[in-house]
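I opened my notebook to look up a few things in this structure. Have a look at it with me first.

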Amino acid sequence: MSQYDVEPLMSKASILAKYANLEPLDTKVMAEYIWIDGFNHLRSKTMTLEEKPKSLDDLRVWNFDGSSTGQAPGNDSDTLLKPIAMYRDPIRRGDNILVLSACYKADGSANHFNHRDACVKLMEKHADQDIWFGIEQEYTMLDYYDRPFGWPKGGFPGIQGPFYCGVGTGNVFARDIVEAHYKACLYAGINISGVNAEVMPSQWEYQVGPCRGISMSDQLWMSRFLLHRIAEDFGVKISFHPKPILGDWNGAGCHTNISTKDSRAEGGMKVIEQYLEKFAKRHMDHIKVYGEDNDLRLTGKHETGAIDKFNYGIADRGASVRIPRSVAMKGCGYFEDRRPASSIDPYLVTGIIAETMFEC
(Lines give C-alpha, C1' and ligand atoms only; values in the text may rest on other atoms or scores of the structure.)
Protein backbone atom coordinates (compact mmCIF):
# COMPACT_ATOMS: atom_id res chain seq x y z
CA MET A 1 0.00 0.00 0.00
CA SER A 2 1.43 3.39 -0.99
CA GLN A 3 0.98 6.65 0.91
CA TYR A 4 -1.58 7.70 -1.71
CA ASP A 5 -3.89 4.86 -0.67
CA VAL A 6 -4.17 6.24 2.87
CA GLU A 7 -7.19 8.43 3.58
CA PRO A 8 -6.20 11.90 4.84
CA LEU A 9 -7.09 12.70 8.44
CA MET A 10 -9.67 15.37 7.67
CA SER A 11 -11.64 17.41 10.17
CA LYS A 12 -15.03 15.85 10.89
CA ALA A 13 -16.95 19.12 10.77
CA SER A 14 -20.32 17.39 10.36
CA ILE A 15 -19.81 15.50 13.63
CA LEU A 16 -18.53 18.60 15.42
CA ALA A 17 -21.73 20.41 14.42
CA LYS A 18 -23.64 18.27 16.96
CA TYR A 19 -21.73 20.00 19.74
CA ALA A 20 -21.04 23.44 18.29
CA ASN A 21 -24.25 24.99 19.64
CA LEU A 22 -23.85 23.72 23.21
CA GLU A 23 -24.02 26.68 25.58
CA PRO A 24 -22.04 26.88 28.85
CA LEU A 25 -24.00 26.85 32.10
CA ASP A 26 -22.73 30.32 33.00
CA THR A 27 -20.97 33.28 31.35
CA LYS A 28 -17.76 31.43 30.43
CA VAL A 29 -16.27 32.02 26.98
CA MET A 30 -13.32 30.59 25.04
CA ALA A 31 -10.38 32.77 24.03
CA GLU A 32 -8.06 31.42 21.34
CA TYR A 33 -4.59 32.93 21.86
CA ILE A 34 -2.68 33.08 18.55
CA TRP A 35 0.99 33.91 18.04
CA ILE A 36 3.84 33.79 15.51
CA ASP A 37 6.45 31.11 16.24
CA GLY A 38 10.17 30.92 15.48
CA PHE A 39 9.55 29.64 11.95
CA ASN A 40 7.25 32.45 10.78
CA HIS A 41 4.28 30.12 11.24
CA LEU A 42 1.27 30.39 13.54
CA ARG A 43 0.44 28.60 16.80
CA SER A 44 -2.58 28.79 19.07
CA LYS A 45 -4.11 27.48 22.27
CA THR A 46 -7.35 28.11 24.15
CA MET A 47 -8.13 29.61 27.55
CA THR A 48 -11.49 29.62 29.33
CA LEU A 49 -12.53 33.08 30.57
CA GLU A 50 -15.12 33.67 33.29
CA GLU A 51 -16.91 36.22 31.13
CA LYS A 52 -16.68 38.05 27.85
CA PRO A 53 -13.86 40.63 28.01
CA LYS A 54 -14.74 44.24 27.29
CA SER A 55 -11.22 45.22 26.18
CA LEU A 56 -7.65 43.92 25.95
CA ASP A 57 -7.13 45.08 29.53
CA ASP A 58 -9.46 42.28 30.66
CA LEU A 59 -7.19 39.62 29.14
CA ARG A 60 -4.33 38.13 31.09
CA VAL A 61 -0.77 37.63 29.91
CA TRP A 62 -0.36 33.90 29.28
CA ASN A 63 2.69 31.76 28.56
CA PHE A 64 3.81 28.74 26.55
CA ASP A 65 6.78 26.43 26.02
CA GLY A 66 9.00 28.40 23.67
CA SER A 67 11.43 25.51 23.31
CA SER A 68 8.75 23.62 21.37
CA THR A 69 8.15 26.48 18.92
CA GLY A 70 11.74 27.48 18.11
CA GLN A 71 11.56 30.58 20.32
CA ALA A 72 13.47 29.71 23.50
CA PRO A 73 16.02 27.23 24.91
CA GLY A 74 14.82 24.31 26.99
CA ASN A 75 16.41 25.60 30.19
CA ASP A 76 14.53 28.90 29.96
CA SER A 77 11.49 27.99 27.91
CA ASP A 78 8.59 29.98 29.41
CA THR A 79 7.64 32.61 26.84
CA LEU A 80 5.01 35.24 27.60
CA LEU A 81 1.95 35.91 25.45
CA LYS A 82 0.71 39.47 25.62
CA PRO A 83 -2.67 40.19 23.96
CA ILE A 84 -2.43 42.88 21.27
CA ALA A 85 -5.67 42.59 19.28
CA MET A 86 -9.04 40.93 19.80
CA TYR A 87 -11.48 39.65 17.17
CA ARG A 88 -14.84 37.87 17.06
CA ASP A 89 -14.41 34.12 16.61
CA PRO A 90 -16.16 32.92 13.42
CA ILE A 91 -15.37 29.29 14.21
CA ARG A 92 -16.92 29.02 17.69
CA ARG A 93 -19.10 32.14 17.37
CA GLY A 94 -21.15 33.41 20.29
CA ASP A 95 -19.11 35.53 22.69
CA ASN A 96 -15.95 33.54 22.02
CA ILE A 97 -12.93 35.49 20.79
CA LEU A 98 -9.64 35.27 18.92
CA VAL A 99 -6.71 36.94 20.67
CA LEU A 100 -3.68 37.90 18.58
CA SER A 101 -0.70 37.95 20.92
CA ALA A 102 2.93 39.07 20.86
CA CYS A 103 5.77 37.10 22.45
CA TYR A 104 8.03 38.38 25.23
CA LYS A 105 10.83 37.12 27.45
CA ALA A 106 10.47 36.86 31.22
CA ASP A 107 12.20 40.24 31.68
CA GLY A 108 9.54 41.92 29.53
CA SER A 109 11.73 42.43 26.47
CA ALA A 110 10.51 41.31 23.06
CA ASN A 111 11.22 37.75 22.01
CA HIS A 112 13.78 37.51 19.21
CA PHE A 113 11.01 36.62 16.75
CA ASN A 114 8.68 39.42 17.87
CA HIS A 115 9.07 42.00 15.10
CA ARG A 116 5.90 43.80 16.07
CA ASP A 117 7.49 45.89 18.82
CA ALA A 118 9.91 47.62 16.45
CA CYS A 119 7.15 48.15 13.90
CA VAL A 120 4.87 49.75 16.51
CA LYS A 121 7.59 52.24 17.42
CA LEU A 122 8.04 53.23 13.77
CA MET A 123 4.31 53.62 13.19
CA GLU A 124 3.85 55.69 16.34
CA LYS A 125 6.85 57.86 15.50
CA HIS A 126 5.42 58.67 12.06
CA ALA A 127 1.73 58.68 12.96
CA ASP A 128 1.42 62.24 11.64
CA GLN A 129 2.09 60.86 8.14
CA ASP A 130 -1.15 58.83 8.32
CA ILE A 131 0.28 55.80 6.50
CA TRP A 132 -2.26 53.52 4.83
CA PHE A 133 -1.38 50.01 3.74
CA GLY A 134 -3.23 47.44 1.67
CA ILE A 135 -1.74 43.97 1.22
CA GLU A 136 -2.60 41.45 -1.49
CA GLN A 137 -2.02 38.00 0.05
CA GLU A 138 -1.47 35.27 -2.52
CA TYR A 139 -1.41 31.60 -1.51
CA THR A 140 -1.54 28.12 -2.98
CA MET A 141 -3.82 25.28 -1.94
CA LEU A 142 -2.20 21.85 -1.61
CA ASP A 143 -3.77 18.46 -1.03
CA TYR A 144 -2.80 16.18 1.85
CA TYR A 145 0.26 14.96 -0.09
CA ASP A 146 1.52 18.44 -1.02
CA ARG A 147 0.28 18.39 -4.61
CA PRO A 148 -1.49 21.53 -5.84
CA PHE A 149 -5.15 20.93 -5.08
CA GLY A 150 -7.10 19.74 -8.12
CA TRP A 151 -4.06 19.09 -10.32
CA PRO A 152 -4.01 15.72 -12.15
CA LYS A 153 -2.13 12.98 -10.29
CA GLY A 154 1.32 12.65 -11.83
CA GLY A 155 0.63 15.43 -14.32
CA PHE A 156 -0.10 19.09 -14.86
CA PRO A 157 -3.15 21.16 -15.80
CA GLY A 158 -3.31 23.17 -18.98
CA ILE A 159 -1.05 26.18 -19.47
CA GLN A 160 -1.74 29.37 -17.58
CA GLY A 161 -4.40 31.57 -19.13
CA PRO A 162 -7.94 30.60 -18.15
CA PHE A 163 -7.36 30.51 -14.39
CA TYR A 164 -6.86 34.17 -13.41
CA CYS A 165 -10.23 35.42 -12.12
CA GLY A 166 -11.59 32.25 -13.67
CA VAL A 167 -15.12 30.89 -13.48
CA GLY A 168 -16.27 27.33 -14.06
CA THR A 169 -15.21 23.79 -13.29
CA GLY A 170 -11.66 23.14 -14.44
CA ASN A 171 -10.79 26.83 -14.27
CA VAL A 172 -11.02 27.27 -10.50
CA PHE A 173 -10.46 24.94 -7.57
CA ALA A 174 -11.81 24.93 -4.00
CA ARG A 175 -13.82 28.12 -4.23
CA ASP A 176 -15.79 26.94 -1.17
CA ILE A 177 -12.70 27.46 1.01
CA VAL A 178 -12.24 30.94 -0.43
CA GLU A 179 -15.87 31.88 0.23
CA ALA A 180 -15.78 30.47 3.78
CA HIS A 181 -12.60 32.42 4.53
CA TYR A 182 -14.03 35.62 3.09
CA LYS A 183 -17.14 35.41 5.28
CA ALA A 184 -15.11 34.43 8.35
CA CYS A 185 -12.84 37.47 7.98
CA LEU A 186 -15.81 39.80 7.67
CA TYR A 187 -17.41 38.23 10.75
CA ALA A 188 -14.18 38.58 12.74
CA GLY A 189 -13.87 42.27 11.90
CA ILE A 190 -10.94 42.01 9.50
CA ASN A 191 -10.98 44.63 6.74
CA ILE A 192 -10.83 42.12 3.89
CA SER A 193 -11.56 44.03 0.71
CA GLY A 194 -11.74 41.38 -1.97
CA VAL A 195 -10.71 37.97 -3.38
CA ASN A 196 -9.83 36.52 -6.77
CA ALA A 197 -8.42 33.39 -8.37
CA GLU A 198 -4.82 33.86 -9.48
CA VAL A 199 -2.80 32.99 -12.60
CA MET A 200 -1.64 29.53 -11.50
CA PRO A 201 -4.44 27.00 -10.91
CA SER A 202 -5.10 26.40 -7.19
CA GLN A 203 -3.53 29.78 -6.40
CA TRP A 204 -5.78 32.47 -4.92
CA GLU A 205 -5.47 35.98 -3.57
CA TYR A 206 -7.32 38.05 -1.01
CA GLN A 207 -6.74 41.67 -0.10
CA VAL A 208 -6.71 43.24 3.35
CA GLY A 209 -6.89 46.99 3.74
CA PRO A 210 -6.68 49.84 3.60
CA CYS A 211 -5.49 49.78 7.20
CA ARG A 212 -3.63 52.42 9.15
CA GLY A 213 -0.21 51.70 10.65
CA ILE A 214 0.22 48.61 12.80
CA SER A 215 -3.34 47.35 12.27
CA MET A 216 -2.35 46.28 8.74
CA SER A 217 0.03 43.59 9.97
CA ASP A 218 -2.19 42.53 12.87
CA GLN A 219 -5.12 41.95 10.55
CA LEU A 220 -3.06 40.11 7.93
CA TRP A 221 -1.73 37.65 10.51
CA MET A 222 -5.22 36.99 11.85
CA SER A 223 -6.55 36.48 8.32
CA ARG A 224 -3.81 33.90 7.74
CA PHE A 225 -4.78 32.07 10.90
CA LEU A 226 -8.40 31.88 9.75
CA LEU A 227 -7.34 30.61 6.32
CA HIS A 228 -5.31 27.77 7.84
CA ARG A 229 -8.03 26.98 10.34
CA ILE A 230 -10.82 26.84 7.75
CA ALA A 231 -8.73 24.78 5.32
CA GLU A 232 -8.41 22.15 8.08
CA ASP A 233 -12.11 21.37 7.68
CA PHE A 234 -11.57 20.59 3.99
CA GLY A 235 -8.38 18.54 4.41
CA VAL A 236 -6.47 21.16 2.39
CA LYS A 237 -3.07 22.67 3.18
CA ILE A 238 -2.27 26.34 2.65
CA SER A 239 1.16 27.20 1.28
CA PHE A 240 2.60 30.70 1.45
CA HIS A 241 5.79 29.65 -0.35
CA PRO A 242 6.67 32.23 -3.04
CA LYS A 243 7.39 29.58 -5.68
CA PRO A 244 5.56 26.38 -4.71
CA ILE A 245 5.88 24.90 -8.21
CA LEU A 246 9.10 25.43 -10.18
CA GLY A 247 8.97 26.02 -13.89
CA ASP A 248 6.69 28.09 -16.08
CA TRP A 249 4.20 28.88 -13.33
CA ASN A 250 3.55 32.16 -11.52
CA GLY A 251 4.87 32.49 -8.01
CA ALA A 252 2.99 33.91 -5.03
CA GLY A 253 3.54 37.40 -3.68
CA CYS A 254 2.28 39.79 -1.06
CA HIS A 255 2.07 43.01 -3.06
CA THR A 256 2.03 45.89 -0.60
CA ASN A 257 0.18 49.09 -1.43
CA ILE A 258 1.23 52.27 0.35
CA SER A 259 -0.04 55.82 0.61
CA THR A 260 0.59 58.69 2.99
CA LYS A 261 -1.08 61.97 3.82
CA ASP A 262 1.26 63.73 1.38
CA SER A 263 0.99 61.18 -1.45
CA ARG A 264 -2.81 61.39 -1.33
CA ALA A 265 -2.80 65.19 -1.46
CA GLU A 266 -2.65 67.33 -4.60
CA GLY A 267 0.80 66.99 -6.17
CA GLY A 268 1.29 63.64 -4.46
CA MET A 269 2.87 62.07 -7.55
CA LYS A 270 6.08 64.01 -6.86
CA VAL A 271 6.04 62.73 -3.29
CA ILE A 272 5.68 59.14 -4.53
CA GLU A 273 8.67 59.62 -6.84
CA GLN A 274 10.70 60.93 -3.90
CA TYR A 275 9.81 57.85 -1.88
CA LEU A 276 10.81 55.57 -4.74
CA GLU A 277 14.17 57.26 -5.14
CA LYS A 278 14.80 56.26 -1.52
CA PHE A 279 13.53 52.73 -2.23
CA ALA A 280 16.08 52.41 -5.04
CA LYS A 281 18.96 53.21 -2.68
CA ARG A 282 17.82 50.58 -0.14
CA HIS A 283 16.65 47.90 -2.57
CA MET A 284 18.75 45.07 -1.16
CA ASP A 285 17.93 46.07 2.44
CA HIS A 286 14.28 45.58 1.56
CA ILE A 287 14.93 42.31 -0.27
CA LYS A 288 16.52 40.89 2.91
CA VAL A 289 13.18 41.09 4.75
CA TYR A 290 10.86 40.52 1.79
CA GLY A 291 10.66 36.75 2.27
CA GLU A 292 12.76 33.59 2.05
CA ASP A 293 13.20 31.93 -1.36
CA ASN A 294 12.06 35.14 -3.03
CA ASP A 295 14.92 34.67 -5.50
CA LEU A 296 12.92 31.80 -7.00
CA ARG A 297 10.06 34.21 -7.68
CA LEU A 298 11.73 37.54 -8.56
CA THR A 299 13.24 36.42 -11.86
CA GLY A 300 12.03 39.16 -14.18
CA LYS A 301 9.42 36.74 -15.54
CA HIS A 302 5.85 35.88 -14.55
CA GLU A 303 4.93 39.48 -13.70
CA THR A 304 7.94 40.16 -11.47
CA GLY A 305 10.99 42.36 -11.55
CA ALA A 306 14.52 40.95 -11.23
CA ILE A 307 15.65 40.51 -7.63
CA ASP A 308 18.97 42.36 -8.17
CA LYS A 309 17.50 45.44 -9.84
CA PHE A 310 15.08 48.17 -8.78
CA ASN A 311 12.78 49.96 -11.17
CA TYR A 312 9.31 51.42 -11.20
CA GLY A 313 6.77 52.24 -13.86
CA ILE A 314 3.20 53.22 -14.54
CA ALA A 315 0.92 50.19 -14.92
CA ASP A 316 4.04 47.97 -15.17
CA ARG A 317 3.60 44.59 -13.49
CA GLY A 318 7.13 43.63 -14.47
CA ALA A 319 8.59 46.40 -12.31
CA SER A 320 9.68 46.36 -8.68
CA VAL A 321 7.06 49.01 -7.94
CA ARG A 322 3.94 49.74 -9.96
CA ILE A 323 2.24 53.11 -10.00
CA PRO A 324 -1.38 52.55 -11.05
CA ARG A 325 -2.40 54.38 -14.20
CA SER A 326 -5.29 55.98 -12.32
CA VAL A 327 -2.81 57.49 -9.85
CA ALA A 328 -0.63 58.87 -12.64
CA MET A 329 -3.69 60.42 -14.29
CA LYS A 330 -4.96 61.94 -11.06
CA GLY A 331 -1.50 63.06 -9.93
CA CYS A 332 -1.76 61.62 -6.41
CA GLY A 333 -2.62 58.47 -4.50
CA TYR A 334 -0.76 55.25 -3.75
CA PHE A 335 1.87 52.89 -5.17
CA GLU A 336 2.31 49.12 -5.15
CA ASP A 337 5.54 47.45 -3.99
CA ARG A 338 5.48 44.16 -5.91
CA ARG A 339 8.65 42.69 -4.39
CA PRO A 340 7.38 41.15 -1.11
CA ALA A 341 6.91 37.36 -1.18
CA SER A 342 3.72 35.67 0.00
CA SER A 343 5.55 34.40 3.10
CA ILE A 344 6.56 37.80 4.51
CA ASP A 345 6.29 38.88 8.10
CA PRO A 346 4.25 42.06 7.44
CA TYR A 347 5.67 43.73 10.56
CA LEU A 348 9.12 43.65 8.92
CA VAL A 349 7.84 44.81 5.54
CA THR A 350 5.63 47.69 6.66
CA GLY A 351 8.31 48.67 9.16
CA ILE A 352 11.13 49.00 6.64
CA ILE A 353 8.83 50.82 4.21
CA ALA A 354 8.05 53.46 6.85
CA GLU A 355 11.70 53.65 7.82
CA THR A 356 12.85 54.18 4.23
CA MET A 357 10.22 56.80 3.44
CA PHE A 358 10.76 58.94 6.55
CA GLU A 359 14.18 58.19 8.02
CA CYS A 360 16.44 57.89 5.00
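This is a predicted model: local features need pLDDT of at least 70, side-chain atom pairs count only at pLDDT 80 or more; totals for chains, interfaces and linings use all residues.

I began with the record: UniProt, in an unreviewed entry, lists residues 115-360 as "domain: GS catalytic". UniProt positions follow the numbering used here, feature names are shortened, and annotations may be inferred rather than shown by experiment. Residues are numbered from 1 along each chain as its sequence is written, and side-chain values use heavy atoms, with hydrogens and water left out.

**Residues 115-360.** I found 35% helix and 18% strand here, with the end C-alpha atoms 20 Å apart. Helices (H or I, at least four residues) and strands (E, at least two) are DSSP runs, numbered from the N terminus.

**Helix α9.** At the start of α9, I noted a side-chain oxygen of Asp345 within 2.9 Å of the backbone nitrogen of Tyr347.

**Phe39.** I located Phe39 in the loop between β1 (29-36) and β2 (42-49). Phe39 touches Thr69 and Gly70 (heavy atoms within 4.5 Å), leaving aside residues up to four places away in sequence. Phe39 and Thr69 are 30 residues apart in sequence, yet their C-alpha atoms are 7.8 Å apart in space.

Technical notes:
A polar contact is a pair of N or O atoms within 3.5 Å; within protein, one must be able to donate a hydrogen and the other to accept it, and residues adjacent in sequence count only if both atoms are side-chain atoms.
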